[in-house]
Amino acid sequence: ARRMAKIFFQEPFDLERGPLLRTLLLRCKGEHDRLLFCIHHVAFDHGAEKELLGGFLQLYEQLRSNGLEWKPR
């Protein structure tokens, strides 16, 4: 997972064609899955970071409060 994440984060952005946001879901046997985000700073500032993370936390809390949890395959 670390090797794949390192490769993922080192991939350069094409500012003319995009995308400026990339995601990768790593399904790890025997471990927690990992969702990676790589976002170019031109498209993402501190305010956007707070909104994105806040949205994920809110979704996670709603799932937990409804008895739903992420269950790896």
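This is a predicted model: local features need pLDDT of at least 70, side-chain atom pairs count only at pLDDT 80 or more; totals for chains, interfaces and linings use all residues.
Residues are numbered from 1 along each chain as its sequence is written, and side-chain values use heavy atoms, with hydrogens and water left out. Local features need pLDDT of at least 70 and side-chain atom pairs count only at pLDDT 80 or more, while totals for chains, interfaces and linings use all residues.

The chain contains two helices and two strands, taken as DSSP runs (helices H or I, at least four residues; strands E, at least two) and numbered from the N terminus. Their order from the N terminus is α-β-β-α. The C-alpha trace spans about 45 × 30 × 15 Å along its principal axes. The radius of gyration is 15 Å, whereas a compact globule of 73 residues would have a value near 11 Å; the radius is taken over C-alpha atoms, and the globule rule is 2.2 Å times the number of residues to the power 0.38.

Of the 73 residues, 12% are buried. Buried denotes under 20% relative accessible area, exposed over 50%, and partly exposed in between (1.4 Å probe, protein chains only).

Two salt bridges were found in the whole structure, each defined as a side-chain nitrogen of Lys or Arg within 4 Å of a carboxyl oxygen of Asp or Glu. One joins D14 and R17, with an N to O distance of 3.5 Å. In this pair D14 is partly exposed at 28% relative accessible area, and R17 is exposed at 74%. The other joins D33 and R27 at 3.0 Å, N to O. Here D33 is buried, with a relative accessible area of 17%, while R27 is partly exposed at 34%.
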